[in-house]
Amino acid sequence: MSDTQTLIENRPPSVAGLFLERVAATPDTEAYRHPVPAASGEGPDDWKSLTWAQAAERVFAIAAGLIELGVQPEQRVALASATRIEWILADLGIMCAGAATTTVYPQTNADESTFILADSGSKILIAEDATQLAKALEQRAELPELTHVVVIDPTGVDTAETGDWVLSLADLEERGAAYLEKNPDVIKERIAGITKDQLATIIYTSGTTGRPKGVRLPHDNWSYLAKAIAATGLLGPEDVQYLWLPLAHVFGKVLTSGHIEIGHVTAVDGRPDKIIEHLPIVQPTYMAAVPRIFEKVYNGVAAKARAGGAAKYKIFQWAAEVAREYAKVTQDNFRRTGTATAPFGLAAKHKVADALVYAKIREAFGGKLRACVSGSAALSPEIGYFFAGAGIHILEGYGLTESSAASFVNPGEAYRTGTVGKPLPGTEVRIADDGEILLRGPGIMEGYHGLPEKTAEVLEPDGWFHTGDIGELSPDGYLRITDRKKDLIKTSGGKYIAPTEVEGQFKAVCPYVSNILVHGADRNFCTALIALDEPSILDWAKENGLEGKSYAEVVAAPATVALIEGYVKQLNEGLQRWQTIKKFRLLPRDLDVEHGEITPSLKLKRPVVEREYKHLIDEMYAGSREA
């Protein structure tokens, strides 16, 4: 048996057990950094640190506080909060109490929050602030099982109105500390009692239609992923991770398990608008993100170069092409020879482009970034190659909520842009006859909460999970995702089209796009709904006689339509005839989470968008032979 197999197979039954081991091994080592608003209320945030021992003190107090409130093993405690240090401490506290975390996105409306709390049977809700508390208060009559709400930031909470149903996190920790004094062994006893099949987490998937489904993930899933992530060798104890992803999402949550096993530093702040400000301060060596972040950075760099005048933009375009060529050549050479070399002429051009363009991009990321992991949706290969050539190595990975997020990841230096890499140690994969990716292993869910029929639809008795994604494996085990099984478009002419592939290519061509949806199922040609990135297009508008106009006015202007039409033509030049976009419409606003058009992890909800903008789709097909 290999060292990797031994590491994974001899795993403890829970991350709570791993946490105890980590605290015992490196109590005085820095575990977390988190921002605290400056004392003056102005200027940049201060960053505070917690050692593993300091984190454990708070985690055990939260766990004991929950036990004192009557929480039993496997009972659900819901967490409705943005990503912040308290989210991680509370989640660990819930696990150390032997209970199970129900994750709730802070953007979730009161109706859906109530459904999740009721469907999961959550006994306690840990809410970020008065806004999250208000949702529970509004629907309190619908939540008879909810005995208490714990508020992380109690600013603005009226305790006269809420009574003892509501307490602050500080109060809970105080009660927990007092309970621990009388019952000093209670946490160790609860952790020792956790079995590997015991429920640890319920994460509700963002349904595109109907109610979301609760994915039941036992403790063993997280313990396995912690060991498997460590076994990849991508991270070491000296790394600094910048964690901003939503922790209510499985991609963010799995990173907390790997962090505990490896013991590196994690800087936590879930405010996306603070990323650019904080990267130079945190100087991470590692960061996970979703493709939309890399698209925004790419579009921002391109727009800035364009604003600098024709000469500057021409240099950027040249440097972008050099980056892509350099990445393709070096990756290909590494695959063939094990060395990432480039011919002398290309290497010389790359060195010049690095001084002019790439070095500034790396500085914007903090200057020490070794690698990023991208997941949750497909990254356009052209954008991936650009960053690879610029020295920002994006290792694409793949997984689903139902597989605890991390099933595949690209292996370090041997990464291949356009693929999601190889399976994590201990995970099996096979491709079904229809091209669907099937997975089996310790990361696969127990099933959907209270939905045995839905579970049976995707989980075979022998453990194979149907992902709903279409893909292909290379002879040496790299997986390429080609599309969602249900998203493949079949035109009325019988041609199959992968919309995400076309959409990804457009994002690499057009620096102003935010979201694009390609439509064409059962039609005789393809069309597109395009939403533009507001800051980028408004900057362009200032230079093109549209200064002072609103976003809606700018996207409706003939000059803007003509601009985007040029990019659509450029896209079509690289497509098969049946894939080309014959018509498009610019949307009057960008797609967003609040309108339910994209998920909190920034995935497009196709049915929602197509329903919302049906009039524009119908308009594009009006007068065609099929209308």
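In this predicted model, helix 13 (residues 291-307) packs against helix 16 (residues 381-389) at an angle of about 70 degrees, and their axes lie 11 Å apart. Helix 13 is therefore roughly perpendicular to helix 16, and the crossing between helix 13 and helix 16 is left-handed. On the side of helix 13, the contact is made by Phe294, Glu295, Val297 and Tyr298, which meet Ile383, Phe386 and Phe387 of helix 16. Sorted by class, the residues of this contact are six nonpolar, no polar and one charged.

Attention now turns to the spaces inside the protein. The structure contains three cavities of 30 Å³ or more. The largest cavity holds about 80 Å³ of space, and its lining is formed by Ala80, Val104, Ala110, Ser113, Thr114, Leu117, Leu125, Gln132, Lys135, Ala136 and Leu143. Two helices, helix 5 (110-120) and helix 6 (130-138), each provide at least two residues of this lining. Helix 5 gives the largest share, with four residues. Seven nonpolar, three polar and one charged residues make up the lining of the largest cavity.

Around the second largest cavity stand Tyr224, Ser403, Ala406, Ser407 and Thr427, together with Leu439, Arg440, Gly441, Gly443 and Ile444. Here the lining comprises four nonpolar, five polar and one charged residues.

How values were computed: Residues are numbered from 1 along each chain as its sequence is written. This is a predicted model: local features need pLDDT of at least 70, side-chain atom pairs count only at pLDDT 80 or more; totals for chains, interfaces and linings use all residues. Side-chain values use heavy atoms; hydrogens and water are left out. Axes are lines fitted to C-alpha atoms, for helices over the stretch in contact, and angles run from 0 to 180 degrees between N-to-C directions. Angles under 35 degrees count as roughly parallel, over 145 as roughly antiparallel, 65 to 115 as roughly perpendicular and the rest as oblique. A crossing is left-handed if the near helix is turned anticlockwise from the far one by less than a right angle, and right-handed if clockwise. Contact means heavy atoms within 4.5 Å. Ala, Val, Leu, Ile, Met, Phe, Trp, Tyr, Cys and Pro count as nonpolar, Asp, Glu, Lys and Arg as charged, and the others, Gly among them, as polar. On a 1 Å grid over the protein atoms alone, a cavity is a set of points where a 1.4 Å probe fits but cannot get out, and a pocket is an open set with protein on both sides within 12 Å along at least five of seven lines; lining residues have an atom within 4 Å of a point. Grid points are joined across faces, edges and corners, and a volume is the space filled by probe spheres set on the points.
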